[in-house]
Amino acid sequence: NVDALHILKAFEKGADGVYVAGCLEGDCHFKSGNTKAAKLVTFVQKYLEEIGIESERLRMVRMSAGMGERFAQVATEITEEIRKMGPSPINAIAA
């Protein structure tokens, strides 16, 4: 189970971006875990915007365990998008 505190702690500890990976829709071992995670990510994205951090720094991705190549591709894409945004505003304050 992912919790909002896990996500926020990652930003607090210096992450410039975070992505939460979940199962494909309707294919979750934990029944509705992926749906709950997606709702949580949306909630935390709104919170991030409220405190001045771009919501695009947090993403939810869905894929199966057998999609390793796709996972690597998505991780690379997200990393590049985050790099283009630059350091997290939290890191700028701490520097």
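User: What makes a contact a salt bridge here?

Analyst: A side-chain nitrogen of Lys or Arg has to sit within 4 Å of a carboxyl oxygen of Asp or Glu. This is a predicted model, where local features need pLDDT of at least 70, side-chain atom pairs count only at pLDDT 80 or more, and totals for chains, interfaces and linings use all residues. Residues are numbered from 1 along each chain as its sequence is written, and side-chain values use heavy atoms, with hydrogens and water left out.

User: Okay, so why are Glu12 and Lys9 called a salt bridge?

Analyst: Their N to O distance is 3.5 Å, and the cut-off is 4 Å, so the pair qualifies. Both belong to helix α1 (residues 4–12), three residues apart, which puts about one helical turn between them. A helix here is a DSSP run of H or I, at least four residues, numbered from the N terminus.

User: What makes Glu12 exposed?

Analyst: Exposed means over 50% relative accessible area, buried under 20%, and partly exposed in between (1.4 Å probe, protein chains only). Glu12 has 54%, so Glu12 counts as exposed. Lys9, at 40%, is partly exposed.

User: How do you know whether Arg57 is buried or exposed?

Analyst: Arg57 has a relative accessible area of 1%, so Arg57 is buried. Arg57 pairs with Glu54, the closest N and O atoms being 2.7 Å apart, while Glu54 is partly exposed at 28%.

User: And what makes Glu80 and Arg83 a salt bridge?

Analyst: Their closest N and O atoms are 2.8 Å apart, so they pass too. They lie three residues apart in helix α3 (residues 68–85). Glu80 is partly exposed at 36%, whereas Arg83 is exposed at 59%.

Key:
Helices (H or I, at least four residues) and strands (E, at least two) are DSSP runs, numbered from the N terminus.
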